[in-house]
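Work through the exercises below with the sequence and the 3D structure at hand. Each task is followed by a solution in steps.

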Amino acid sequence: MNPLPRLVPPAAVDTRETAALRAEVRQFLAEQLAAGTFVPAVDSWLSSWDEEFTAALAARGWLGMTAPTEYGGRGATAIERFVVAEELLAAGAPVAAHWIADRQIVPSLLKYGTGAQKDEFLPRIVAGECFFGIGMSEPDSGSDLASVRTRAVPVDGGWSLTGTKVWTSGAHHAHAFIVLARTAPVDPAHRHEGLSQFIVRLDGPGVEVRPIISMNGRHHFNEVILDNVFVPDTMVFGEIGDGWQQVTSELAFERSGPERLLSTFVLLPAVVDAAVAQQVAAGSQIGRLVARISGLHQMSSAVAGALARHDAADVPAAVVKVIGTSTEGDIAEFAALHTGDDTAIDPALTDLVTTALDQRPGFTLRGGTNEVLRGVIARGLGLR
């Protein structure tokens, strides 16, 4: 009987260089907080859009860090990029403007982009001047990306795209997004075939961005309508017909990063302080949450290392996403339990808790529902 495969690769360890980088980022964040540059937020990677803060990070070489120096990057390791991302998220810093471009567009361009695409987009992403969205999900498709109905039809000099994409975070601000579309009829026996990807400019003819307003009145999601949008052959992303393999690779970056466990982390130290001040006995609960975050830190950084080595990481990424988003929600519940209606609690903390509870239902949905990902994990283990 074959042993079960390892669910998560060996954990990465901070070296002297990454420890120094972590200290540098913490010092920068402390200075920014002292200057009132930003107010810590829950879900800051999704909803806190601040192009000036993004520019400040770019000036320090902390965007597109893994891009080679010829594109303006640092040629840094995936772990160095992970360290910066982790510290920014832990502080609740406003990183939404560049997050998607930095998280998955940069490594995807490096892996699948043409020379011209790299030349056009990488230097601008690294400089904090180009923002991207993702065009995967569609109405009625849920987490079943193989059921996408957006179609790309070959025309003279390129392709014509028609369809609808939803949950496109930041599309109302972004310059472009990468669209998954059907370039061949559906084969019921091979549903994952006939898919391709395209880089689509969001300000082009035939593109309409419609806001999706959350129940709390916030706007960071969108629906994007594509009506016979012309995409030149130069903006085909990767190879025609390889869309499913490419998307699977990209989703590993989307599902395994520290944003899948740190969206509510900014609450934890604040609520601990509040519990201590009120002499609330919550030590065991705090200990369990801290232990879970610590373990997830090791798991998430391990997946970052695996991706940098080009190892298959779809199953480990799914594990991090399922456990991480559950932990984020539990931190929100813990914070709500230990703040409640107490008027002595800092109003800013109350606002954070309220936002965390509002956002909680989305934690386990975005990036693939946890129910679907449990199936991915089961299949990865060889289970039915």
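A residue is called buried under 20% relative accessible area, exposed over 50%, and partly exposed in between (1.4 Å probe, protein chains only). The model is predicted, so local features need pLDDT of at least 70 and side-chain atom pairs count only at pLDDT 80 or more, while totals for chains, interfaces and linings use all residues. Residues are numbered from 1 along each chain as its sequence is written, and side-chain values use heavy atoms, with hydrogens and water left out.

**Exercise 1.** Describe the overall build of the protein chain, and state what share of its residues is buried.

Step 1. Count the elements: the protein chain has 12 helices and 8 strands. Both are DSSP runs numbered from the N terminus, helices being H or I of at least four residues and strands E of at least two.

Step 2. Compare the radius of gyration with the globule rule. The radius is taken over C-alpha atoms, and the rule is 2.2 Å times the number of residues to the power 0.38. The protein chain has a radius of 21 Å, close to the 21 Å from the rule for 384 residues, so it is as compact as a globular protein of that length.

Step 3. Read off the burial: 52% of the 384 residues are buried.

**Exercise 2.** Find the residues that touch the most other members of the largest nonpolar core.

Step 1. In the largest core, of 60 residues, the members in question are Leu-29, Phe-53, Leu-57, Trp-62, Leu-88, Val-95 and Leu-267. Helix α10 (residues 314-337) gives the most to this core, 9 residues.

**Exercise 3.** Asp-43 and His-310 both have a positive phi. Is Asp-43 buried or exposed, and is His-310 buried or exposed?

Step 1. Recall the background: most residues other than glycine have a negative phi.

Step 2. Asp-43 has a phi of about 60° and is found in the loop between α1 (16-34) and α2 (44-47). At 0% relative accessibility, Asp-43 is buried.

Step 3. His-310 has a phi near 65° and lies in the loop between α9 (283-308) and α10. At 65% relative accessibility, His-310 is exposed.

Note on methods
A nonpolar core is a set of buried Ala, Val, Leu, Ile, Met, Phe, Trp, Tyr and Cys residues joined through side-chain atoms within 4.5 Å.
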